[in-house]
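Here is a short tour of one model, written to be read with the structure open beside it. We start with the sheet, move on to the packing around it, and end with a few backbone details.

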Amino acid sequence: MGLARLNGLFAAYKPPGLKWLHLRDTVEQQLLKGLNAAEPSVPEQRVRFLLGPMEGNEEELALTATSVPTLTKHRLVLGVGRGRRLLTDMYDAHLTKDYTVRGLLGKATDDFHEDGRLVEKTTYDHVTREKLDRILAVIQGSHQKALVMYSNLDLQSQEAYEMATRGVIRPMNKSPMLITGIRCLHFAPPEFLLEVQCMHETQQQLRKLVHEIGLELKTTAVCSQVRRTRDGFFTLDDALLRTHWDLHSIQDAIQAAAPRVAAELEKNLKPRLGTQELPSPSPSWNSEGLNSAMGAGSCAGH
């Protein structure tokens, strides 16, 4: 039965310029088309997309879509049927995401994006790859310390050691954006390309990250592109292209991802110590003049 295989998570690739609401509506229409074509003898199915848990016991198929930044290219992870609960589990697991972030040296805008209103132009001839790498290393080290603080773990405990070994140290509750890894992939001034692994990020914080890096390099920089390449345990290889947003392809994607989803959630939702929510920090890099507070923004909405 078509509905029986529509319980779980799948990823869809969002082409640049396509609004995620349009993606959601298109997937909904394609599922309805496939379900009604496969089961013409039953009443037409109704599909609803929700941003939160569905109340009551309504007899209907429900899809839930996570909210993500809309800057350039991103993927969406969608949950169908019981997949709605799995999306909540993904959020509770505080999984990291990978981005490639492209920056442009030499100018600043009012919204940190290349297309924003220009507020300043600067020189950047003094900027080197070595200087950029040094700043990125300091940022990563500072955020890793913040991650341990928000995990509420006793660093001397066996639990902390085991979690660090498995790479599953996570915040216990809400936190600012936390960067678990950042490195430069390409440096050809004025352009540079970063790979950022983070959690609890927002679109504005990723843009501001580029802006603040420019300031620490004694120049300015704007963000020209953000591209999400991994969302938790989903990668670009899992994302369905627009030509595959149909019932059978979505069913196959859900079934293929199910074992990995179950295993990763089991690993990352292990009971952890502490439940106290810590106040938002005002971090200072305290190294080579790095005094920016790039990680002190609000937690990303999901």
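Two strands count as paired if DSSP finds at least two bridges between them. With that in hand, the predicted model shows an open sheet of 5 strands in the order 8-9-5-10-11, with antiparallel pairing. Strand 8 and strand 11 (234-235) stand at the edges, and each has a single partner strand, so one side of each is left without a neighbour in the sheet.

**Walking across the sheet**

Let us begin at the edge formed by strand 8. Strand 8 (178-188) is joined to strand 9 by 9 bridges, and the two run antiparallel. Within this pairing, Phe-187 has Phe-192 of strand 9 as its bridge partner. Strand 9 (191-199) also pairs with strand 5 in the antiparallel sense, over 8 bridges. Here Leu-193 of strand 9 is the bridge partner of Arg-102. On to strand 10 (221-231), which is antiparallel to strand 5 and joined to it by 9 bridges. In strand 10, Ala-221 stands opposite Leu-105.

| Strand 8 and strand 9 | antiparallel | 9 bridges | Phe-187 and Phe-192 |

How much of strand 5 is buried? For this strand the count is 8 of the 9 residues, so strand 5 is largely enclosed by the rest of the structure.

In soluble globular proteins, nonpolar side chains tend to be buried together. In this model, the largest nonpolar core has 25 residues, and Leu-194 and Ile-213 are those with the most contacts inside it. The elements that give two or more residues to this core include four strands of the sheet, namely strand 5 (97-105), strand 8, strand 9 and strand 10. Helix 3 (129-151) and helix 5 (203-216) also contribute at that level. A second, separate core has 18 residues, including Leu-18, Leu-23, Leu-78 and Leu-240.

**Glycine, cysteines and a histidine**

Gly-181 lies in strand 8. Its relative accessible area is 15%, and because buried means under 20%, Gly-181 counts as buried. Gly-181 and His-143 are 38 residues apart in sequence, yet their C-alpha atoms are 8.8 Å apart in space.

Two cysteines deserve a look as well. Cys-198 is buried, with a relative accessible area of 0%, and Cys-223 is likewise buried at 0%. How many disulfides does the structure hold? The number is 0.

His-113 is found in the loop between strand 6 (107-109) and strand 7 (118-121). Is His-113 buried or exposed? At 10% relative accessibility, His-113 counts as buried. The side chain of His-113 also reaches the backbone nitrogen of Asp-115, at 3.0 Å.

**Aromatic rings and a charge**

A search of the whole structure finds 1 aromatic pair. The partners are Phe-233 and Phe-234, with 5.3 Å centre to centre and 50° between the planes, a tilted arrangement. Both of these residues, Phe-233 and Phe-234, are buried.

**Backbone details in the loops**

Most residues other than glycine have a negative phi, and most peptide bonds are trans.

In the loop between strand 8 and strand 9 lies Pro-190. A cis peptide bond joins Pro-189 and Pro-190, with omega about 10°.

Next, the loop between strand 9 and helix 5 holds His-200. Although His-200 is not a glycine, this residue has a positive phi of about 60°. His-200 counts as buried, at 4% relative accessibility.

Lastly, Lys-218 lies in the loop between helix 5 and strand 10. Phi of Lys-218 is near 60°, again a positive value in a residue other than glycine. Lys-218 is exposed, with a relative accessible area of 61%.

Key: Residues numbered from 1 in each chain as written. Predicted model: local features only at pLDDT ≥ 70, side-chain atom pairs only at ≥ 80, totals over all residues. Heavy atoms only, no water. Phe/Tyr/Trp six-rings, centres within 6.5 Å; stacked < 30°, edge-to-face > 60°. Buried < 20%, exposed > 50% of the residue type's maximum accessible area, 1.4 Å probe, protein only. Core = buried A, V, L, I, M, F, W, Y, C linked by side-chain atoms within 4.5 Å. Polar contact = N/O pair within 3.5 Å; in protein donor to acceptor, adjacent residues only side chain to side chain. Disulfide = S-S within 2.5 Å.
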